[in-house]
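Reader: Could you walk me through reading salt bridges and pockets in a model like this one?

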Amino acid sequence: MDIIQLLQDKDWDAAVFKKLPRNDTGDGPGHQAGMVIPKDLRLFFPRLLGEATPQHPVVDRYIRAILIVDRVEVARVQTRYQMQTWGGMRRPETRLTDQLPPLRNRAHAGDYLVIQRLVNELDFFRLILVRQGTPDYGILRATVGAARWGIVGESRPVTEQELERSEEEESDREQLPFRLFDPEAATTETRTIRVARSIAFRQSIMREYRNNCSVCMSALRSPTGLFELDAAHIVPRGRMGADDARNGLALCKRHHWAFDIGLFGIDEDRRIYVPNVVRQMPENEVLTVLLGRNIVEAETVHLRASSEALAWHIENIVM
């Protein structure tokens with residue numbers, strides 16, 4: 001798998017890159033801190049709250065990041081994404097600072113920094129250092145050409161504006177009468193819109209189910225704040241199911257997989273239904289013990305899983 005194939009992992013949004021100058025590396029002057037994010041790439045980072053002014057020359061927020069050097073993870077950190085104006089005396093500049101030495105100290109002028117955001121966690125990134133002299137460096141250079149920064153390949157990441165627009169559309173859609181299917185999506189969605197809508201759907205589901213699986217009422221959590229939890233469509237997106245919280249459940253990865261292939265469903269009484277053919281297999285005891293248990297419901301009553309969608313799932317998916 002070459003670097004371009006690695007960057008196409010569906011769990012991560014499309015990648016951007018920057019060719020590092022000396023000041024962004026461990027070879028730079030001692031007073032320099034972090035790595036500059038060019039203005040063109042700010043679109044793909046979380047929005048900073050507020051504006052830098054002479055009175056308040058720095059605005060910032062913390063993001064989580066995996067630091068990777070030549071495909072080897074070297075650290076997981078919380079780093080600071082900030083805009084600095086130096087009291088209004090210089091042009092505003094955005095940087096990543098804090099906890100970057102495990103990557104920055106290994107970098108040299110001319111290396112590439114590749115940046116990707118995790119699709120399911122909007123403040124979680126991976127920063128990949130691609131160093132000169134490696135096979136990945138040659139492949140990446142052939143892809144991006146002489147550019148100093150930009151998008152890797154043809155697909156671009158979702159911008160903050162697109163995410164905000166999708167969240168507004170999701171909220172508006174959830175106020176309308178529920179539609180089980182969204183037949184227009186397959187023909188009108190670009191990749192970027194599809195990703196933005198998927199993120200908005202997940203945000204709505206995670207909020208409504210308070211980061212708990214609606215079946216087992218739990219979810220594993222990493223020290224960096226990631227949850228082992230998915231926003232599951234009841235009517236699958238591949239069957240034209242709508243991106244709407246009423247067509248969704250929060251499910252841990254085990255129960256998401258089982259739900260998607262029909263090992264269990266939710267009956268008209270909002271209880272977990274496990275068919276006989278599934279219960280007869282000893283490997284499925286963890287599902288059998290859930291039989292008849294009520295699901296955890298969305299916090300907002302009108303956003304609870306649609307009975308129409310649950311009935312469709314039992315009729316069309318459950319074994």
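This is a predicted model: local features need pLDDT of at least 70, side-chain atom pairs count only at pLDDT 80 or more; totals for chains, interfaces and linings use all residues.

Reader: Is Asp182 buried or exposed?

Author: Asp182 counts as buried, at 7% relative accessibility. Arg237 is partly exposed, at 24%. Salt bridges with shared partners also join Arg179, Asp182, Arg197, Arg237 and Asp243 into one network.

Reader: What's the general idea behind such pairs?

Author: Side chains of opposite charge can pair when their charged atoms come close. Here the count comes to 24 salt bridges. Another one is Arg131 with Asp70, at 2.8 Å between the closest N and O atoms. That pair links parts of the chain 61 residues apart.

Reader: And pockets?

Author: Rolling a probe the size of a water molecule over the atoms shows where empty space is left. In this model the largest pocket holds about 1200 Å³. Its lining has 41 residues, with Lys10, Asp11, Val119, Asn120 and Ser198 nearest the centre.

Reader: Which element gives the most to the lining of the largest pocket?

Author: That's α6, with six residues. The buried residues of α6 pack against α4, β9 and β10.

Definitions and conventions: Residues are numbered from 1 along each chain as its sequence is written. Side-chain values use heavy atoms; hydrogens and water are left out. On a 1 Å grid over the protein atoms alone, a cavity is a set of points where a 1.4 Å probe fits but cannot get out, and a pocket is an open set with protein on both sides within 12 Å along at least five of seven lines; lining residues have an atom within 4 Å of a point. Grid points are joined across faces, edges and corners, and a volume is the space filled by probe spheres set on the points. Helices (H or I, at least four residues) and strands (E, at least two) are DSSP runs, numbered from the N terminus. Contact means heavy atoms within 4.5 Å. A salt bridge is a side-chain nitrogen of Lys or Arg within 4 Å of a carboxyl oxygen of Asp or Glu. Buried means under 20% relative accessible area, exposed over 50%, partly exposed in between (1.4 Å probe, protein chains only).
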